Amino acid sequence: MTNTTVDDRPVPLPPGTEAPEFQLPSTPDQMVSLAEFRGQPVILAFYPEDWSPVCSDQLALYQELLPEFKKFNAELVGISVDGIWSHLAFARDRNLHFPLLADFEPKGEVARTYQVYRATEGTSERALYVIDADGVVRWSYVSPVGINPGADGILRALESLVESGS
Amino acid sequence: MSRTQFDAVLAVPVDQDRDHIQGQADAPVTLVEYGDYECPYCGAAYPIVTELQDRMGERLRFVFRNFPITTSHPHAEQAAEAAEAAAAQGRFWEMHDHLYENQRRLGDQDLYAYAEELGLDVELFEKELAGHVHAPRVREDFMSGVRSGVNGTPSFYVNGTRHDDSYDLETLLAALERAAAA
């Protein structure tokens, strides 16, 4: 399947862009900032909403792949506009053991900064970013919102980081 | 390219020696399923695949690979290993059918009972399950699926390309017939 269709998906920040810094809550009393991941690759998985069927399949797949991401010393974080209590309940219900960040207040601000906010729906796109150890975007992808993008693109991006020695 | 969509094609081609296969190597169409024994959608697809096999007969080769999503399905991994343990005794497809026909009973005791019903060497079967002897094989299937763009279960590949449409009988049959005619 090659993506040549014309649609309304936005263009995410391209590779080579310095990833915009952010700080978001992962629990009621913990904040996670992008700067904390300096020195290792980080995968940002923007997804529209907790609880929606495609999201949970996608995040369940990533949960299965945490050991593969670890081989690249990469950390994974999920980001949506849902509040922290929704995230906590969702993570517990679905057995997810990676941080889900609440892009809740101001709503969607980080998604906007990363050019993946859907103003009409008030959620983010289903978008993936792989950011290298120096905080530079190395791969970005916006999936059609109803389609689970899978994980092959992430793994390819992580492999190319290794090949390029960064 | 920031919006690359990788081609969703089988990253690991069908291997007559390694894969679980029904049908002839020279069949014009090969349908590969990545499935999870506890996934209800795979359960729904199971009789559809059987029907496709009936309708297409020798023109269809069917291949099943494991894609257990244990995060959602706590028994899926052990069930996949049970199918592989049965395969080690030459009885993969019988166990495969048993698992899909009893999707809600996939606890260890259930699996042992199925092994017994199939006349397997139950002692060996239990030992292999307990030791997770077949876990690497299951993981190999899983990763081959990930690298092929599997993003949920069931995922189907028709002659090596991901079937991105519905997997109801008519749609899938039409896709297989198109592939057969190509």
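Three salt bridges link chain B and chain A, a salt bridge being a side-chain nitrogen of Lys or Arg within 4 Å of a carboxyl oxygen of Asp or Glu. One of the pairings is between Arg139(B) and Glu68(A), whose closest N and O atoms sit 3.1 Å apart. The model is a predicted one, in which local features need pLDDT of at least 70, side-chain atom pairs count only at pLDDT 80 or more, and totals for chains, interfaces and linings use all residues. Residues are numbered from 1 along each chain as its sequence is written, chains are lettered from A and ligands numbered from 1 in the order in which they are written, and side-chain values use heavy atoms, with hydrogens and water left out.

Staying with the interface, eight residue pairs are in polar contact between chain B and chain A, both residues being at pLDDT 80 or more. A polar contact here is a pair of N or O atoms within 3.5 Å; within protein, one must be able to donate a hydrogen and the other to accept it, and residues adjacent in sequence count only if both atoms are side-chain atoms. On the chain B side, helix H6 (residues 135-147) gives the largest share of the residues that touch chain A, namely five. Helices (H or I, at least four residues) and strands (E, at least two) are DSSP runs, numbered from the N terminus. The chain B side splits into nine nonpolar, eight polar and six charged residues, where Ala, Val, Leu, Ile, Met, Phe, Trp, Tyr, Cys and Pro count as nonpolar, Asp, Glu, Lys and Arg as charged, and the others, Gly among them, as polar. Overall, 23 residues from chain B and 32 residues from chain A take part in the contact, with contact meaning heavy atoms within 4.5 Å. Between them the two chains bury about 2400 Å², 48% of it on carbon and sulfur atoms; buried area is the accessible area (1.4 Å probe) that two parts lose on being put together, summed over both.

Turning to the fold of chain B, there is an open sheet of five strands, ordered S1-S3-S2-S4-S5, with mixed pairing. Strands S1 (20-22) and S5 (161-162) of chain B are at the edges with a single partner strand each, so one side of each has no neighbour in the sheet. Two strands pair if DSSP finds at least two bridges between them. Strand S4 (residues 155-158) of chain B pairs with S5(B) in the antiparallel sense, over two bridges, and Tyr157(B) has Arg162(B) as its bridge partner in S5(B). Helix H3 (residues 92-101) of chain B lies across S1, S2 (29-35) and S3 (60-66) of that chain, at about 70° to S3(B). Axes are lines fitted to C-alpha atoms, for helices over the stretch in contact, and angles run from 0 to 180 degrees between N-to-C directions.

Strand S8 (residues 126-131) of chain A runs antiparallel to S9(A), joined by six bridges, with Ala127(A) partnered by Val142(A) in S9(A).
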